[in-house]
Amino acid sequence: MTGDNEREGLRRVTPKPELAVQEPVLEFPLSPETNTDFMTPSEKLFVLAHLGVPRIRSDAWSLDIVGLVGSPRSLRYGDLAQFTPKTVATTLQCAGNPLEPTRAMRLIANVEWRGVLLRDILEQAQVARSCRYIWGFGLDYGTFFSSPHQEHYVKDLPMEYVATHDVIVATHLNGELLSPKHGFPARIVAPGYYGTNSVKWLCRIEAADRRANAYFTKELYNDRIPGSDAAKPVWEIEPESLIVSPGKGRELKASAIVISGWAWSTSDITSVELSTDGGKTWAAAEVEPRKGPTWQRFRHRWIPNRAGQYALLSRATDRIGRSQPLDGARNSVHRVDVSVVD
Ligand SMILES: Nc1nc2c(c(=O)[nH]1)N[C@H]1C(S)=C(S)[C@@H](COP(=O)(O)O)O[C@H]1N2
Ligand SMILES: [Mo]
């Protein structure tokens, strides 16, 4: 039974909370060169909300676990304490505007979350073997640009990924309770997947044997596969890198310069190449090993041999052999223009 209402926003399943903000929120406090720390402080983290920000009290909140489960349940906020706490440090990257999927936005942070493992919650509810996707429902509702009215923000995750990764239902960010904008009282955090999949203001987990037929899962956030009618859900983070130092527009002395930054992907980054001539030639940078689903630091020593303008580019390749395109993609190479003076 898939009516139009259901396809657009999936039917409302809980009472509507009041919205503290009733329109999309896009806060980008961070430019690449300010991303100097391995762990991003919360005040530098971007905020993205398509439909608004609901105001939710933890004592009025519950999380329903339904669908293909042997023992459906509704967890109250305090019930989350039954599960072993789990802390995960991971990159959080916005895939960018879903209406402009080939534009690089470079909204990235590396933060620490605390919560409980989604697979523990599913196990307690006796998730069925036939479950292939986990649908997460957010309490936010409304319209996104010219979209039809959404009854919930809904995203889905492959069950296989949930079973094999530390996907959490998070209550804390960088050691503090989630703020309302970041999803209080609880949100999904899906390490290695683009931020869009990490549903904030989580109210319902549904185990299903098919993808959710919802606007943010099936219409937006699906990349066209060139030369075919098929589309690929925006789940796994593609390899990417960011030059933090030197910053854009810097005037540098013609001495030894260290170019450094971060590289990340769903899997390990195995190499980062640097170009100082706008992409004509490339040299391998040093890359620190991956410590978890976090970003990895890269460094490259460069001695410019003359004064002038330089275009610095970084290009990361991951363990499964994927690399960054030069342009026209959300993960196209990062370019920083600098000048060198005598
Ligand atoms: N319920 C809900 N969850 C959501 C969104 C949303 O609009 N509604 N936006 C997603 C997107 S696109 C991103 S990039 C991340 C951003 O998380 P942050 O605002 O905590 O940085 O939240 C995701 N989770
Ligand atoms: Mo996003």
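Predicted model: local features only at pLDDT ≥ 70, side-chain atom pairs only at ≥ 80, totals over all residues.
Residues are numbered from 1 along each chain as its sequence is written, chains are lettered from A and ligands numbered from 1 in the order in which they are written, and side-chain values use heavy atoms, with hydrogens and water left out.

Which residues come nearest to ligand 1? Of the 19 residues around it, they are H50, D140, H182, R187 and K200. A residue is near a molecule if one of its heavy atoms lies within 4 Å of it. Part of the shell comes from strands, which are DSSP runs (E, at least two residues) numbered from the N terminus. Strand 3 (47-49) and strand 7 (85-94) each supply at least two residues, and the largest share, three residues, comes from strand 3.

Now look at the polar contacts, pairs of N or O atoms within 3.5 Å; within protein, one must be able to donate a hydrogen and the other to accept it, and residues adjacent in sequence count only if both atoms are side-chain atoms. An N or O atom in the side chain of H50 is 2.7 Å from an oxygen atom of ligand 1. For H182, a polar side-chain atom lies 2.6 Å from a ligand 1 oxygen, and for K200 the distance is 2.5 Å. On its own, ligand 1 has 530 Å² of accessible area, and the protein covers 100% of it (Shrake-Rupley method, 1.4 Å probe).

The space taken by ligand 1 is the largest cavity. On a 1 Å grid over the protein atoms alone, a cavity is a set of points where a 1.4 Å probe fits but cannot get out, and a pocket is an open set with protein on both sides within 12 Å along at least five of seven lines; lining residues have an atom within 4 Å of a point.

The largest pocket holds about 450 Å³ of space. Among its 25 lining residues, P101, T102, D223, R224 and R330 are the closest to its centre. Strand 15 (residues 222-224) gives the largest share of this lining, three residues.

Key:
Sits in = over half its atoms within 2 Å of the grid points. Helix = DSSP H or I, 4+ residues; strand = E, 2+ residues; numbered from the N terminus. Points joined across faces, edges and corners; volume = space filled by probe spheres on them.
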